[in-house]
Amino acid sequence: HGGLTLGYGAGPWLVSVMCVYQLRASSPPSPSPPPSPPAPLTSPLSLPTNRLFRLTFESYDQDSAFGYAEACTNEFGHNYRTADWDDLLSIPAAHMSAMLDGIGLFAPDGALLTRHGSPTDARWAHAGEMANQGWRRWITMRHDGRPPANWNVADQHGGLTLGSLNGLLMSVMCTNQPPPPSPPPAPSPPPPPALSPEIT
């Protein structure tokens, strides 16, 4: 091979030994640890709007006439009310996934809420729709941007789909009412006027 001949013969012969230098493979670089996931945005201080969202532990009748306000107050205290779609729109879309994971709302779960302060979808208040099928209540479900084709989508934001249905038992999405901002500090009083020297 390549000018070399392989064979054997009777000795004694003095010959050199052909050696091979073996390269040691370099150690592969240690894999960098995966980045830590962002902390769930469930603390009022970590949400951009200083709000805290929670889901009720109990499921409530979607056809209830009380507007779910008592559900949030009964479970979380007087500082909570039913979350409104406008409250969710105030959260930047980039923060929504972490917030939803933090409160335990995973696809395709949903919750009751209001829109513009009303639990009822007025789009269906025509041609006897409410009389025939009952009041359609606003709900939001997590579809992560892919709502089913049979959904009548009213709006989407940060993976949530806004729509309306009737006859369901669902949790209510609640939010706290942040305290009003602190008033600015009072201005410092002006220094007293300098006294004029007495003339004798």
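Reader: Why is Asp87 called buried?

Author: Happy to start there! Keep in mind that this is a predicted model. Asp87 has a relative accessible area of 9%, and buried means under 20%, so Asp87 counts as buried.

Reader: Where does Asp87 lie, and which residues does Asp87 touch, not counting those up to four places away in sequence?

Author: Asp87 lies in helix α2, which covers residues 85-89. Leaving out residues up to four places away in sequence, Asp87 touches Arg51, Phe53, Arg81, Thr82 and Thr175.

Reader: How do you know that a disulfide joins Cys72 to Cys174?

Author: Look at the sulfur atoms. The S to S distance between Cys72 and Cys174 is 2.1 Å, and the cut-off is within 2.5 Å, so the pair counts as a disulfide. A disulfide is a covalent bond between the sulfur atoms of two cysteines. The structure holds 1 disulfide.

Reader: Which parts of the chain does the pair link?

Author: Distant ones: Cys72 is in helix α1 (residues 69-76) and Cys174 is in strand β9 (residues 173-176), 102 residues apart.

Reader: What makes the disulfide of Cys72 and Cys174 left-handed?

Author: The torsion about the S-S bond is about -85 degrees, so the disulfide is left-handed.

Reader: Are Cys72 and Cys174 buried or exposed?

Author: Cys72 has a relative accessible area of 0%, so Cys72 is buried. Cys174 is also at 0% relative accessibility and therefore counts as buried.

Reader: Which residues are buried in α1, and how do you know on which side of α1 they sit?

Author: In α1, Ala71, Cys72 and Phe76 are buried. They cover an arc of only 95 degrees around the axis, so they are on the same side of α1. As a rule, residues three or four places apart in an α-helix point the same way, because there are 3.6 residues a turn.

Reader: What covers the buried residues of α1?

Author: The cover includes β1 (53-55), β2 (60-61), β3 (80-82) and β9.

Reader: Why is the pair of Phe76 and Tyr80 called tilted?

Author: There are 2 aromatic pairs in the count. For Phe76 and Tyr80, the ring centres are 5.5 Å apart, and the rule asks for centres within 6.5 Å, so the rings pair. Their planes stand at 50 degrees; under 30 would be stacked and over 60 edge-to-face, so this pair is tilted. Both Phe76 and Tyr80 are buried. Together with Phe57, Phe76 and Tyr80 form one aromatic cluster.

Definitions and conventions: Residues numbered from 1 in each chain as written. Predicted model: local features only at pLDDT ≥ 70, side-chain atom pairs only at ≥ 80, totals over all residues. Heavy atoms only, no water. Helix = DSSP H or I, 4+ residues; strand = E, 2+ residues; numbered from the N terminus. Buried < 20%, exposed > 50% of the residue type's maximum accessible area, 1.4 Å probe, protein only. Arc of directions from axis to C-beta. Contact = heavy atoms within 4.5 Å. Phe/Tyr/Trp six-rings, centres within 6.5 Å; stacked < 30°, edge-to-face > 60°.
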